[in-house]
Amino acid sequence: MAPPSPRVVVEVDLKKKPWQQSQPLHNRWHPEIPSVAEVKVGEFFRVEMIDAMGGVVKDNDSAVDIKNMDLTTTHHLSGPIRVVDEDGVAAKPGDLLAVEICNLGPLPGDEWGFTASFDRENGGGFLTDHFPCATKAIWYFEGIYAYSPQIPGVRFPGLTHPGVIGTAPSKELLSIWNERERKLEESGPESLKLCEVVHQRPLAVLPTTKGCLLGNIEKGTPEWERIANEAARTIPGRENGGNCDIKNLSRGSKIYLPVFVEGANLSTGDMHFSQGDGEISFCGAIEMSGFLELKCVIIRNGMQEYLTPMGPTPLHVNPIFEIGPVEPRFSEWLVFEGISVDESGRQHYLDATVAYKRAVLNAIDYLFKFGYSKEQVYLLLSCCPCEGRISGIVDSPNAVATLAIPTAIFDQDIRPKTRKVPTGPRIVRKPDVLKCTYDGKLPITKNPSSST
């Protein structure tokens, strides 16, 4: 007898706002956010999700929605989902929750997504000092493929995945997060040498009641105010999983998540049709609404058996990820290298972030020579299936990072070849990405060797 279709445990209505959904969504991590559904181990179930920005970004000819984005509302998560075993006994702190991704994809009738870069003074990004203005590209899906009218001449298969998936933190773990991230924010950028060359702000995203969604906890009550002031933002990945943005976490993958509260309280969201390693534009990947079809297994006492704490408490652990067998197959790549020397020529010591920035900038300036604007390449590298690597992390003083781009995604040969290189202004393919002006005051970095 054929197995039953997956049970829909979280359903969304794309015509409604995030706070209007029949099963309330949440955009914070907190142990007291109540579950909205319960599943048993081995059960085949389906979770639907709205896009990370909650439907604010539209399929139109403007990037104003990106420029004016309220970033306190990002990552609208479906859940929490309580997980119990065959006897109805809930997952317990110290267990591992093995979550298998059986199937996933865009929601029917909503087969499109977007990639963008935030304004430098409202979110920023990895290369915000080079690209300070808000930009946007729309992507349309044809089965497994994506194409964009704003970045012509490119088409590639997507490796669809959830950007955010995790379990609820315990009160102790939540306190650890808030304390360490608050100390980082209070210390200021002056204490961090990396902030001199990687200009993304803020240093950390601390709890705030602004834009806060807490599921079934009623807004305006003393309980809501207390939890909203404690609940962690969903921007970074942490010990519970969270915003890991692992681009290969697609069909057939498994995630082994630590359990910190009774029932595990699994939540997920931030679906991506495709992503490049690093999701460099920050509003990166191809953001979309979507669904996951999942199965869970509880591994009793799995945290102690399989996870070694890398910190002062037993809570300082991280999930394990098992990548599935489905992924695009590319045989030819063009690889760009970066070393830990910044754009001013200053040497940094084994700094992999500076090295990766250099690799990305090298790739952007290279593809600019083939008729693309630099903004087009910036967004493309955030969402196409490119591969980032740390190639060297021990050879003083230079860390070496690489960025490999599959050549088959382009409709032209982008390899170096014997030809006369034009010396005049580059001819940019039209149309370009959608852009807003940058009206801020922060200094902008220019490549001193670039012609533009």
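A polar contact of 3.4 Å ties the side chain of S191 to that of S187. Here, a polar contact is a pair of N or O atoms within 3.5 Å; within protein, one must be able to donate a hydrogen and the other to accept it, and residues adjacent in sequence count only if both atoms are side-chain atoms. This is a predicted model, where local features need pLDDT of at least 70 and side-chain atom pairs count only at pLDDT 80 or more, while totals for chains, interfaces and linings use all residues. Residues are numbered from 1 along each chain as its sequence is written, and side-chain values use heavy atoms, with hydrogens and water left out.

**Two serines in loops**

Back to S191: its side chain also reaches the backbone oxygen of G188, at 2.9 Å. S191 sits in the loop between α2 and α3. Helices (H or I, at least four residues) and strands (E, at least two) are DSSP runs, numbered from the N terminus. With 45% relative accessibility, S191 counts as partly exposed. The cut-offs are simple: buried means under 20% relative accessible area, exposed over 50%, and partly exposed in between (1.4 Å probe, protein chains only).

S281 is another loop serine, found between β16 (266-272) and β17 (290-299). Is S281 buried or exposed? S281 is buried, at a relative accessible area of 0%. Its side chain makes a polar contact of 3.0 Å with the side chain of S382. Beyond its neighbours within four places in sequence, S281 is in contact with residues including T115, F118, G124 and Y378; contact means heavy atoms within 4.5 Å.

**Salt bridges**

How many salt bridges does the structure hold? There are 29, counting a side-chain nitrogen of Lys or Arg within 4 Å of a carboxyl oxygen of Asp or Glu. Some of them look like this:

| E230 | K171 | 4.0 Å |

The E230 and K171 pair links distant parts of the chain: E230 belongs to helix α3 (residues 222-230) and K171 to helix α2 (residues 171-187), 59 residues apart. E230 is partly exposed at 24% relative accessibility, and K171 is partly exposed too, at 46%. Both residues also belong to a salt-bridge network with E32 and R226.

**Helix α5**

Helix α5 (residues 352-368) has 17 residues and spans 24 Å from its first C-alpha to its last, close to the expected 24 Å. That expectation is 1.5 Å times one less than the number of residues. At the start of α5, a side-chain oxygen of D351 comes to within 3.1 Å of the backbone nitrogen of T353.

The helix is mostly covered, with twelve of its 17 residues buried. Among them are V354, Y356, K357, L361, I364 and F368. What covers the buried residues of α5? The cover includes β19 (333-339), α6 (374-383), β20 and β21.

**Around the β20 to β21 loop**

I393 lies in the loop between β20 (387-392) and β21 (400-406) and is partly exposed, at 43% relative accessible area. Together with I390 and V394, I393 makes a nonpolar surface patch of about 310 Å². Patches are made of residues with over 30% relative accessible area and no salt bridge, with like charges joined within 9 Å and nonpolar side chains (Val, Leu, Ile, Met, Phe, Trp, Tyr) within 5 Å; the areas come from the Shrake-Rupley method with a 1.4 Å probe, and for residues only the protein chains shown count as cover.

P397 is in the loop between β20 and β21 as well, and the peptide bond from S396 to P397 is cis, with omega near 0°.

Most residues other than glycine have a negative phi, and most peptide bonds are trans. Another cis peptide bond joins G79 and P80, with omega about -5°; P80 is in strand β5 (residues 78-84).

Two residues have positive phi without being glycine: D245, near 55°, and A264, near 70°. D245 is in the loop between β14 (241-243) and β15 (254-258), and A264 in the loop between β15 and β16. D245 is buried at 16% relative accessible area, and A264 is buried at 0%.
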